[in-house]
Amino acid sequence: MENTEDVYFLTAIEQALQDILADRSMEELVRPMVCADIMQGINIIDIGYPLCSCFVISRCINNLLIEYCNCLFSSNESFEIEGGVINFADIKEKFWGEGSSVADRIDLLSQKKCHIKENISISVKKKLLTQRYFKIINNINLYAIDFMHGKTEYEGLLDDTDEIEDRYLTAKDLFISGVRFVIMLEAELNKHKIDEEKSDVMKWLSFYKSCTVIVESEKAMSQGTAFHIGDGRFVTCYHVVYDEEEKQAADDLTVYSEENISKRYTAIVEDYVEQIDIAILKVDGWEGANKFSIQTKDAIRQMDEVIVLGYPNYNPGDSIRVIEAKIASTRNYSGVKMYGIDNIIYVGNSGGPVLTKGERKVIGIVTRGTYNINTAMENDFSGFIPISALNYLNKYKLVEEQIN
């Protein structure tokens, strides 16, 4: 090929990319590793190896399609299965597992009937790859296979034919079409990720509401938070349920859920340790099945990320407060290590759970907060005690059975 023609086609590719990007940068549309593959393909075309560039973009598409399948499919429910019964694990291994074929993956996503084993075949219920992109990706894959088998852009020149020139030009066009598909697929994956994150947030929020409650007492003149650990037992702080006038636990405790504030449950203090400010409530007739999992074994470290739940200064119609924080400091509190966080905890949040950010297991009980942001500096320690403080309860063995 003449150098002037090479320059022409490189310019045409750059112009095509500008049309695709529409005044945006490649980095805005795709992840760094994908952007690196695309730029590598362009550089390879620049030095005259478009078949090799098809191999590069094919590798990129293949990786994205595997990720796409992992995001999209999670069970047999996404497929029409004919000829017998097959495990989802077998489907995954066949089409996007370690030994899977890009050709099989393309067939699957374009809604073709795909044979798995014996007389069993499957197809996706909804076509995910249009006929146009099926042809493009299939041809890119064929060119990539040619490259892997040792064919080069120059072998046709020995026969003085036009075939290699046609393939040379077609490979460049396919590369551009491949880039367009990659950008589209990245957008789909990003949308799926955002939708999945939203769904996960809503799922956890619903769970938090189902097993975190508001605790109230007129005699104790208090409002606080408690959380369910199973069998109608809730953990809270002793100061939330303490009747100052009678110098004992209040006997008029009620708990209720944000989702049904008209449904009030009677609670009694089953056990407590006043010195470290913890109490166990037994709620009569509690109907909720959800409960928090407890983590007592792993050490709590400074700079660990946590989630804090509760109902500070609660008024009817308020939602549960969910904050993320880091463990900032420690101090001793009645012989127990207390942990401070780098966020503000308000009065009414006392008794709320502190969760690990990853597995969402309870590692602590909120015990201390401030009345409002203006007085936060006067009470500079928003913190919690570890859930392992339940060891100090007289009936701990009973509580431990509920926790485990």
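A residue is called buried when its relative accessible area is under 20%, exposed when that area is over 50%, and partly exposed in between. The figures below use these words for a predicted model.

**Figure 1. The stacked pair Y238 and Y272.** Y238 has a relative accessible area of 3%, so this residue is buried. Y272, at 37%, is partly exposed. The two rings form an aromatic pair of the stacked kind, with 4.3 Å from centre to centre and 15° between the planes. Y238 belongs to helix 9 (residues 238–241) and Y272 to strand 10 (residues 260–273), so the pair ties together parts that are 34 residues apart in sequence.

**Figure 2. The chain as a whole.** The chain contains 10 helices and 17 strands. Of its 404 residues, 48% are buried. Counting contacts between residues at least 6 apart in sequence, 64% join residues at least 24 apart.

**Figure 3. The largest nonpolar core.** This core has 54 residues. M26, F73, F79, W96 and L108 are the residues with the most contacts inside it. Helix 8 (residues 163–211) is the element that gives the most to this core, with 10 residues.

**Figure 4. W96 and its surroundings.** Which residues are in contact with W96, once neighbours within four places in sequence are left aside? They are I66, C69, N70, F73, F79, F88, I91, R105 and L108. W96 is also one of the residues with the most contacts inside the largest nonpolar core.

Figure 5. A search of the whole structure gives 16 aromatic pairs. In one of them, the ring centres of F73 and F79 are 4.8 Å apart and the planes stand at 45°, so the pair is tilted. F73 and F79 are both buried. Elsewhere, one aromatic cluster is formed by W204, F207, Y208, F227 and F292.

**Figure 6. Helix 5 against helix 6.** The axes of helix 5 (residues 88–96) and helix 6 come within 7 Å and cross at roughly 115°. Helix 5 makes the contact through K94, F95 and W96, and helix 6 through D104, R105 and L108. Sorted by class, these residues are 3 nonpolar and 3 charged, with no polar ones.

**Figure 7. Helix 6 against helix 7.** How are helix 6 (residues 102–109) and helix 7 (residues 131–148) placed relative to each other? They pack at an angle of about 175°, and their axes are 11 Å apart. Angles over 145 degrees count as roughly antiparallel, so helix 6 is roughly antiparallel to helix 7. On the helix 6 side the contact uses V102, A103, I106 and D107, and on the helix 7 side F134, I137, N138 and N141. By class, the contact has 5 nonpolar, 2 polar and 1 charged residues.

**Figure 8. Y311, a buried loop residue.** Y311 sits in the loop between strand 12 (305–310) and strand 13 (321–333). Its relative accessibility is 1%, so Y311 counts as buried. Y311 and V215 are 96 residues apart in sequence, while their C-alpha atoms are 9.2 Å apart in space. Leaving aside neighbours within four places in sequence, the contacts of Y311 are K209, T212, V213, I214, Q223, T225, E258, S319, I320, G348 and N349.

Figure 9. N349 is found in the loop between strand 14 (336–341) and strand 15 (353–356). Is N349 buried or exposed? With 1% relative accessibility, N349 counts as buried. Apart from neighbours within four places in sequence, N349 is in contact with T225, V308, L309, G310, Y311, P312 and V366. T225 is also among the contacts of Y311.

Figure 10. Q111 has a phi near 75°, a positive value in a residue other than glycine. Q111 lies in the loop between helix 6 and strand 2 (114–117), and its relative accessibility of 32% makes Q111 partly exposed. K247 has a phi near 60°, again positive in a residue other than glycine. K247 lies in the loop between strand 7 (242–243) and strand 8 (248–249). The relative accessible area of K247 is 53%, so K247 is exposed.

Terms used. Residues are numbered from 1 along each chain as its sequence is written. This is a predicted model: local features need pLDDT of at least 70, side-chain atom pairs count only at pLDDT 80 or more; totals for chains, interfaces and linings use all residues. Side-chain values use heavy atoms; hydrogens and water are left out. A nonpolar core is a set of buried Ala, Val, Leu, Ile, Met, Phe, Trp, Tyr and Cys residues joined through side-chain atoms within 4.5 Å. Buried means under 20% relative accessible area, exposed over 50%, partly exposed in between (1.4 Å probe, protein chains only). Helices (H or I, at least four residues) and strands (E, at least two) are DSSP runs, numbered from the N terminus. Contact means heavy atoms within 4.5 Å. Axes are lines fitted to C-alpha atoms, for helices over the stretch in contact, and angles run from 0 to 180 degrees between N-to-C directions. Angles under 35 degrees count as roughly parallel, over 145 as roughly antiparallel, 65 to 115 as roughly perpendicular and the rest as oblique. Ala, Val, Leu, Ile, Met, Phe, Trp, Tyr, Cys and Pro count as nonpolar, Asp, Glu, Lys and Arg as charged, and the others, Gly among them, as polar. Rings of Phe, Tyr and Trp (its six-membered ring) pair if their centres lie within 6.5 Å; planes under 30 degrees apart count as stacked, over 60 as edge-to-face and the rest as tilted.
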